[in-house]
Structure formats: structure tokens, C-alpha cells
Amino acid sequence: MTFPQGGPGGPQGFGPGRGNDPRRGNDPRDPRNNMNVPQGNKPNKPWYKQVWVWIVVLILAALVGLQVNRALAPKTISTQDGLTILMKQPEQLKRATITEGHQTVSLELKSDFKKTVNKREVNYGKRVVFYYVFGQSTQVVKAVEDVTKTNSDYTFNSEVPSESWINVLITTLLPMLLLIGAMWWVTRSMGGSQGLFGMGGGADKSRVPDSEIPKTKFSDVAGEEAAVQEVEEIKDFLKDPEKYRRLGARIPRGVLLYGPPGTGKTLLARAIAGEAGVPFYAMAGSDFVEMFVGLGASRVRELFDEAKKHSPAIIFIDEIDAVGRKRGSGMNGGHDEREQTLNQLLVEMDGFDNNTGLIVIAATNRPDVLDNALLRPGRFDRQVGVEAPDLEGREAILRVHAKGKPFVPDIDLHMIAVRTPGFTGADLANVLNEAALLTARSNAQLIDNRAIDEAIDRVMEGPRRHTHSMALEELRNTAYHESGHALVAAAMHHTDPVTKVTILPRGRALGYTAVMPTEDRYSESREGLLDQMAYAMGGRTAEEIVFHDPTTGASNDIEKATRIARTMIMEYGFSTRLGAVKWNSAEPQGDDISNIAPHPYSEKTQEIIDDEVHELVENAHTEAWKVLNDNRDLLDQMVTELLDKETLNEKDLKRIFSTIKKAPERRQWLSDPNRPDSDRPPVAIPEKLRKYAKEAEEREEERLKQQ
Ligand SMILES: Nc1ncnc2c1ncn2[C@@H]1O[C@H](COP(=O)(O)OP(=O)(O)OP(=O)(O)O)[C@@H](O)[C@H]1O
Ligand SMILES: [Zn+2]
């Protein structure tokens with residue numbers, strides 16, 4: 001990472017108002033401000049685990065001990081009549097005798113008293129008279145004199161405890177010993193073998209993270225409305241578990257947030273806790289596993305115990321795939337520790353009652369590798385996708401992170417969003433941060449478009465160096481392709497309604513069109529399959545109609561249409577020429593080619609199959625062609641809107657398709673025209689059922705309108 005030049009001390013460092021430079025604002029969402037402060041998922045070590053804390057404590061203890069020792073030891077000796085003798089070396093004193101008139105004091109010492117007088121050392125022996133006596137008008141310093149004249153009145157037994165070394169011991173060493181003992185106890189109960197100060201094992205991590213009630217709110221999570229909506233209920237539950245208990249509602253214990261890195265899973269989890277105002281216990285899956293053998297499982301247990309004590313609460317396990325991978329999938333065998341930890345996690349999740357008010361949220365970007373046991377009902381049975389944001393979402397995220405940054409007036413966050421398809425929230429935060437750094441480096445005051453351009457390039461990392469116009473053409477191509485699918489689906493009579501069309505790259509596909517089955521289908525009619533084939537061909541056909549030059553991006557469409565045609569002929573008996581016969585045999589076993597069973601049909605049948613499949617696919621192709629040609633206006637309109645908005649939702653699509661020219665009905669199908677046939681219609685669907693369905697539809701309309 002590069003930092004702007006001219007740090008403190010540099011000539012530019014002292015510009016006016018530097019302290020208030022908004023570029024250095026303390027927006028908590030500014031990634032610079034939490035670059036090294038992981039958001040809760042790597043909790044800070046508690047104070048009692050920090051080595052330096054203990055060193056300070058030891059030093060303080062020693063100082064206090066010495067002070068106490070001094071305080072207890074006789075500094076002064078009070079005589080019977082209230083005189084005080086100030087002792088410089090009280091530990092040397094054996095007996096003190098006040099002389100007559102309080103002029104001198106005679107001391108009996110334990111060892112010879114020596115003093116340098118005129119650069120010569122003089123030994124005064126053990127009995128000396130030399131100290132001041134306070135309480136007299138004159139301070140007598142009668143130096144060395146053998147005291148013979150003692151006044152018994154003043155003689156007192158000031159036997160200074162000769163056990164003063166015990167004193168030292170008690171006042172200094174004992175507290176230290178107590179402290180060391182306490183520390184040993186704390187560290188031991190905390191994870192055992194790592195020894196004092198957590199230094200021994202190098203694993204001085206806390207076992208149970210500190211909890212906190214995050215300040216993050218749903219409004220901090222931009223562009224993830226769908227995900228937020230899905231977790232809203234969890235927030236409500238945590239806020240008022242009683243309401244749900246009364247209704248006997250089963251609230252999920254576990255919620256799995258999945259999606260690419262940096263899309264805001266951690267952020268969302270924190271926001272749930274923040275909105276509900278409950279403590280948030282965060283831990284990363286890898287924290288469990290790095291531990292010594294057997295510790296992962298006990299950490300899980302302690303984490304749950306601790307959270308239960310403070311429920312309602314949220315436990316957040318980031319990177320759950322570190323513990324939650326499918327069991328027995330380790331290449332190198334030695335995954336006992338991980339599996340033990342996973343088992344403990346499963347036990348804990350089964351073990352708490354829904355009414356505890358405890359919710360476990362886990363995050364992963366590899367939901368596919370998770371052990372199925374984790375996803376079973378009662379565990380992480382609620383799964384919420386946190387996807388890379390679409391255009392609108394990116395703009396919203398940019399707005400969140402642009403707060404507190406100074407931009408030139410003509411900056412256009414919408415255009416930045418347009419230019420960053422596929423960027424996650426973390427990427428976008430990064431773009432703005434990088435732009436701020438670049439601006440600071442060039443000593444400019446405001447972030448401008450040039451800085452943003454460069455920041456986007458940097459964050460994009462790697463040479464995705466399309467020229468811009470090429471990227472745009474590709475985008476338009478994708479828009480036509482996806483619109484083609486959507487239009488054909490909408491024009492057919494037996495297809496599900498299209499709910500979403502996007503040209504946002506996603507995985508390997510350039511864009512996608514989502515259709516939503518209106519009901520669970522257990523069977524598909526012949527007409528339905530024909531419609532699906534036309535729908536599959538729609539993308540490729542649109543490219544042909546518009547560009548007269550289809551791209552390889554459409555190969556998937558052809559494959560899908562062909563597969564449907566093949567099953568229609570070979571499995572479902574939808575071929576007039578071949579009849580209702582199942583033609584395909586069992587699938588080959590494994591990869592072994594020699595296992596492939598010979599075709600259970602003749603060469604001649606094979607030829608007919610090929611013909612029929614070809615005919616079905618080409619018919620679908622023609623049907624799609626006709627629909628798109630008839631609706632070319634709508635096709636162009638869709639593309640225009642897609643290029644503008646990148647994603648069209650259900651409401652947009654309904655509006656666009658309201659004037660669609662439907663595909664012509666197909667010729668009625670008779671498997672064999674020679675069979676006797678009747679024109680008798682099927683029984684009518686009862687009025688009651690129709691009414692019910694109509695009402696449901698109206699409610700659906702209402703819901704759409706409200707969106
Ligand atoms: N939807 C969003 N809205 C606002 N900011 C976001 C969003 N998504 C990500 N960010 C920014 O990116 C940072 C990183 O996001 P976060 O750690 O929540 O992602 P994550 O999905 O948990 O990633 P990972 O899978 O790598 O843990 C956030 O702290 C925030 O600054
Ligand atoms: Zn396609």
C-alpha cells in the first residue's frame with residue numbers, strides 16, 4: 001500500500017486546517033479506518049491475555065510492595081515523651097536511648113557504623129550517638145561520642161523487629177506470588193498448555209470473543225435489499241422473542257449468508273445485531289481449527305454457553321467452510337480436529353431450544369462444500385444469498401462510502417456504478433478510498449474523475465484492458481441476447497413469467513434471465529416443452545436478427561434446446577414418427593467408455609431420431625424468430641432500458657410486455673391421425689376454484705404495485 005507523500009513533518013503536512021481535512025475524516029465505514037480492525041470477526045484479545053498488561057502489573061506490584069514495606073518498617077521511633085527519632089537506616093537499629101535533656105540519642109546498632117570524615121573512613125562501632133532529636137529548639141548534631149551517661153527514664157525497648165527480612169518477604173514477595181498464581185490460574189482455565197502470558201504455545205487467542213452490540217444498521221448495508229428483507233424477521237425475533245413465542249412460530253436457529261467475498265455478509269450480520277440491539281459474538285471458522293487438538297470443540301461449547309447467558313444474542317461464524325466442510329473429504333486424513341469441532345457445532349445447534357433467543361449466523365462463499373448435516377432443518381436451514389450488487393446497488397453503496405469525502409462538483413456516482421459491473425461492496429469502498437489516496441498524493445483538495453478512473457483500474461487489477469468501446473459493444477450484445485430470451489418466454493403461452501433480466505456478469509454467464517415457476521410442476525406438457533425450447537433459442541436468435549452474426553456466447557442456448565428435444569423424442573414419446581417408445585438406454589457407468597451400452601435401437605431409428613431432434617430445434621428456432629421479429633420494438637426498448645439500468649425487475653418487465661404480440665397457437669397435436677377421436681371438451685374448472693385463483697392473482701398484482 002502506498003501512502004500519500006508529505007506525511008507529518010513534510011512541508012505539505014502543515015497546511016491550514018489539516019486536522020480537519022475531510023479526507024482524513026473518521027467515517028466509520030471508511031475502509032482506511034478499519035483496515036486493521038477486523039469487524040468483530042477477529043476479536044481483540046481481552047486485557048488479561050495481553051503480555052504487556054501483566055508486565056505492568058508485576059512492576060506495579062513490586063513498587064507497591066516496596067512502598068508497603070517501607071511504610072511498615074520503622075522510619076521513626078517515638079519515645080515515651082513524644083519525641084521522635086528519625087532513622088535513616090532503621091533496619092540497623094537494635095536499641096535507641098534518648099540522652100538526658102533530649103540532646104542526643106544513643107543508638108545500638110547491629111553492625112559497625114562507618115562514616116567518611118575528611119575523606120577518611122572512620123569506624124564508630126556499634127554504639128553511636130549522632131542523630132537529631134526533634135522537638136528541641138536546637139537540633140543537636142553531636143557527632144561521635146561514646147555515650148556513657150544514659151537516662152533510664154528514656155530508655156525504652158525499641159526492639160526493631162529483627163525479623164525485618166520477613167517483613168520484606170511478606171510485603172513484597174507475597175503479593176507477587178499471589179499475582180503470579182492468579183495469572184497461572186487464569187491462563188490455565190483459558191486454554192491450558194500455552195503457559196504463562198500465553199507465550200508458550202503461541203496460541204494466545206481468546207477462547208470466547210468479547211461481545212459487543214454493534215452500531216451497524218441496515219442502512220449501512222447498501223444495495224442488498226433482498227437479503228436485508230430476508231433477515232428482517234430475524235431482527236424482529238431478537239427484538240421481541242416473546243411475540244413469536246406466543247404465536248408458536250418456529251424461528252430458524254441458523255442463518256447461512258452466502259455470496260462472493262466482500263459483498264457485505266459480515267456487515268449484514270452485524271447490522272442484524274445492531275438493529276435488534278443484541279450482543280454479537282463473532283468468530284471465524286478458522287479460529288476454531290487452528291487450536292490445539294481438542295480445543296476447537298471446547299471453544300464451540302464455551303462460545304455457545306457464553307452467548308446463551310446473554311441471550312437474545314447473535315453468534316456469528318465467518319468462513320464456516322473452515323469447519324463445516326463435508327466430513328471425510330479431507331485429502332490428508334488428519335482432519336479429526338476439524339470434524340470434532342464440526343460435530344460439537346452440530347450438537348450445540350441441536351441442543352438449544354428455539355426459545356433461547358439465540359441465533360447463529362454463518363457466512364461462507366463456498367456453500368457448495370458445506371456438510372449437508374449443517375443445512376438440515378433446525379440448523380442452518382435459512383439461507384440468504386448476498387450477491388454482488390447490481391447497478392442500482394452499486395450506486396447506493398458508492399453513496400454510503402462517498403459520505404465525508406470531498407468530490408469535484410461534476411462527479412457522477414451513477415456513472416461510476418455503470419462502469420463497475422461485477423464490483424462488490426468491498427471493491428467499491430476500495431475504489432473511493434484509492435481515489436482519495438491518489439488525490440492526496442497529488443496534493444489536490446477534491447477527488448476528481450481522473451482519480452476515480454485510475455482507482456477503478458487499480459481495483460480491477462489485472463489487465464482487463466478492453467478498449468472501452470469494445471466493452472460497450474459486448475454489453476449491448478448481452479442485452480440483446482438476454483432480452484431475446486425474456487421476450488420469447490413472455491410471448492409463449494405455457495412459460496413461467498419472467499421475473500428478472502440482467503446483463504450483470506455473474507459467474508461465467510454474461511447475463512441471465514430468471515423465470516419463476518408459478519407452481520410446483522411435476523409434469524410438463526408437450527406444449528410446455530416446445531415453449532421452453534423456443535425460450536432457450538431466444539437469445540441466440542435475437543443476436544442473429546439484430547447483428548446477423550451470432551456469438552459463441554449462445555452455444556449454451558443450443559445445447560439446452562437440443563437436450564430438451566432429445567428427451568422429448570427418446571424419453572417422453574412426443575414423436576409422431578417414432579411413437580410412444582422409450583429409446584434411450586441406461587446411462588454409461590462412470591467414465592469408462594467401454595461401459596457404454598450399445599444403442600438399443602437400429603441405425604435407421606437413430607437416423608429418425610436425429611431428424612426429429614433437428615426438426616424440433618429448428619422449429620423452436622423459427623418460432624423464436626417470429627416472436628422477436630414481431631416484437632422488434634419491444635426488443636429494442638428492453639435493450640435500451642437494460643443498458644440504462646442493467647437489471648429489469650418484475651415490474652419493469654410487466655410494463656414492457658403489456659403490449660407484446662403473443663406467439664401464434666400451435667397446430668393441435670395428434671399422435672396418430674388415424675385413431676378415432678372425439679371433440680368432447682374436458683369438464684369445466686369449478687367457479688369456486690377460478691374465483692380463488694383470481695383473488696390470489698389480484699393480491700399478487702397489489703403486491704407488485706406496492707414494491
Ligand atoms: N453492501 C454493502 N454496502 C456498503 N458497504 C459494503 C457492502 N458490502 C461490502 N461493503 C464494504 O466492504 C467491507 C467488507 O465487507 P464484508 O467484510 O462485510 O464482506 P464479506 O461478504 O463478509 O466478505 P468476506 O466473504 O471476504 O468475509 C465492509 O466493511 C464495507 O465497508
Ligand atoms: Zn442464452
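How do the residues of the shell around ligand 1 divide into nonpolar, polar and charged?

Modeller: This is a predicted model, in which local features need pLDDT of at least 70 and side-chain atom pairs count only at pLDDT 80 or more, while totals for chains, interfaces and linings use all residues. Residues are numbered from 1 along each chain as its sequence is written, and chains are lettered from A and ligands numbered from 1 in the order in which they are written.

The shell comprises 10 nonpolar, eight polar and four charged residues; Ala, Val, Leu, Ile, Met, Phe, Trp, Tyr, Cys and Pro count as nonpolar, Asp, Glu, Lys and Arg as charged, and the others, Gly among them, as polar. In total, 22 residues surround ligand 1, each with its C-beta atom, placed from the backbone, within 6 Å of it. The closest are Gly-264, Lys-265, Thr-266, Gly-425 and Ala-426. Two or more shell residues come from each of helix H5 (265-276), helix H11 (391-402) and H13, helices being DSSP runs (H or I) of at least four residues, numbered from the N terminus. Because domain 2 (218-385) and domain 3 (390-465) both contribute to the shell, ligand 1 lies between them; the domain bounds come from an automatic or database assignment.

Helix H13 (425-441) also has a further partner: together with helix H12 (413-418), H13 packs against the buried residues of H14, contact meaning C-beta atoms, placed from the backbone, within 7 Å. Those buried residues are Ala-451, Ile-452 and Ala-455, where buried requires 20 or more other C-beta atoms within 10 Å of a residue's own.

Technical notes. A residue is buried if 20 or more other C-beta atoms lie within 10 Å of its own, exposed if 12 or fewer, and partly exposed in between; C-beta atoms are placed from the backbone. Two residues are in contact if their C-beta atoms, placed from the backbone, lie within 7 Å.
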